[in-house]
Amino acid sequence: MNRQLLLLFTFYVLVSSIQAIDFTYCGQYDEENFPLKVQQIKIIPDPVVTGKPAIFNISAVTDRSVSGGKVMIEVRYFGIRVHSETHDICEEVSCPIEAGNFVLSHAETLPGYTPPGVYTLKMKMIGKNGYQLTCFSFKFKIGFGALVSES
Ligand SMILES: *[C@@H]1O[C@H](CO)[C@@H](O)[C@H](O)[C@H]1NC(C)=O
């Protein structure tokens, strides 16, 4: 029983470490400067399928409650901006966000002609008062659409 649990646990750790996505905070800022820190990023599915919805779940922790603001998203391909959008924070997580842990769930459907490859997504969050809550970027992969997903 204990052995099985251990195996299960090991498997879980292995799987979740494979899914962990590396990210970096933007520009000259480091983790210390932002009131909102990222803990984990999940991309579903990974790789993303072009023309189909993808979900980016950002687990984060905030040192203050957030009553609103904006989420700015930029997608780059070989350094070139191919997509950008701005949302109300409260569309992606229920507001107000209390101080502590929360998950921001961003759904995105990239157009069907988006070529497969490695993309960079930058996410910036600005509080109601214009204060930058966080800014970070991470890479995600777009796979070959129907060729893979319909099999
Ligand atoms: C992504 O976040 C949403 C909202 O919190 C949650 O319902 C969903 O289960 C999450 N998905 C994964 C795979 O963590």
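Select Glu74 and Arg76 and display their side chains: the two side chains make a polar contact at 3.1 Å. A polar contact is a pair of N or O atoms within 3.5 Å; within protein, one must be able to donate a hydrogen and the other to accept it, and residues adjacent in sequence count only if both atoms are side-chain atoms. This is a predicted model, in which local features need pLDDT of at least 70 and side-chain atom pairs count only at pLDDT 80 or more, while totals for chains, interfaces and linings use all residues. Residues are numbered from 1 along each chain as its sequence is written, and side-chain values use heavy atoms, with hydrogens and water left out.

Remain at Glu74, which is found in strand β5. Helices (H or I, at least four residues) and strands (E, at least two) are DSSP runs, numbered from the N terminus. Is Glu74 buried or exposed? Glu74 counts as buried because its relative accessible area is 17%; buried means under 20% relative accessible area, exposed over 50%, and partly exposed in between, with a 1.4 Å probe and protein chains only. Now select Arg81, His83, Ser84, Thr120, Leu121 and Lys122: Glu74 is in contact with these residues, when its neighbours within four places in sequence are left aside. Contact means heavy atoms within 4.5 Å.

**The paired strands**

Next, colour residues 69–77, which form β5, and residues 117–127, which form β8; these strands pair in the antiparallel sense over 9 bridges. Two strands pair if DSSP finds at least two bridges between them.

**A buried threonine in a loop**

Move to Thr114, in the loop between β7 (100–109) and β8. Thr114 counts as buried because its relative accessibility is 10%. Which residues does Thr114 touch, not counting those up to four places away in sequence? They are Thr50, Tyr119 and Ile142. Draw a distance between the C-alpha atoms of Thr114 and Ile142: these residues are 28 residues apart in sequence and 8.3 Å apart in space. Then select Pro111, whose backbone oxygen lies 2.6 Å from a polar atom of the Thr114 side chain.

**The surroundings of the ligand**

Select the ligand together with Lys42, Ile44, Asn57, Val103 and Ser105, the residues that surround it. A residue is near a molecule or strand if one of its heavy atoms lies within 4 Å of it. A polar side-chain atom of Asn57 lies 2.3 Å from an oxygen atom of the ligand, and an N or O atom in the side chain of Lys42 is 3.5 Å from an oxygen atom of the ligand. Taken alone the ligand exposes 360 Å², and the protein buries 41% of that. The elements that give two or more residues to the shell around the ligand are β2 (36–44) and β7.

**Backbone points of note**

Most residues other than glycine have a negative phi, and most peptide bonds are trans. Select Ile44 and Pro45: the peptide bond between them is cis, with omega near -5°, and Pro45 has its place in the loop between β2 and β3 (48–49). Cys95 and Pro96 are also joined by a cis peptide bond, with omega about -5°; Pro96 is in the loop between α2 (89–92) and β7.

Now select Phe78, in the loop between β5 and β6 (80–88). Phe78 is not a glycine, although its phi is positive, at about 50°. Phe78 counts as exposed because its relative accessible area is 73%.

**The whole protein**

Finally, return to a view of the whole protein. Its secondary structure comes to 3 helices and 9 strands, in the pattern α-β-β-β-β-β-β-α-β-β-β-α along the sequence. Of the 151 residues in the protein, 37% are buried. Among contacts with a separation of 6 or more, 60% join residues 24 or more positions apart.

Note on methods: Areas by Shrake-Rupley, 256 points an atom, 1.4 Å probe, with all protein chains shown as cover.
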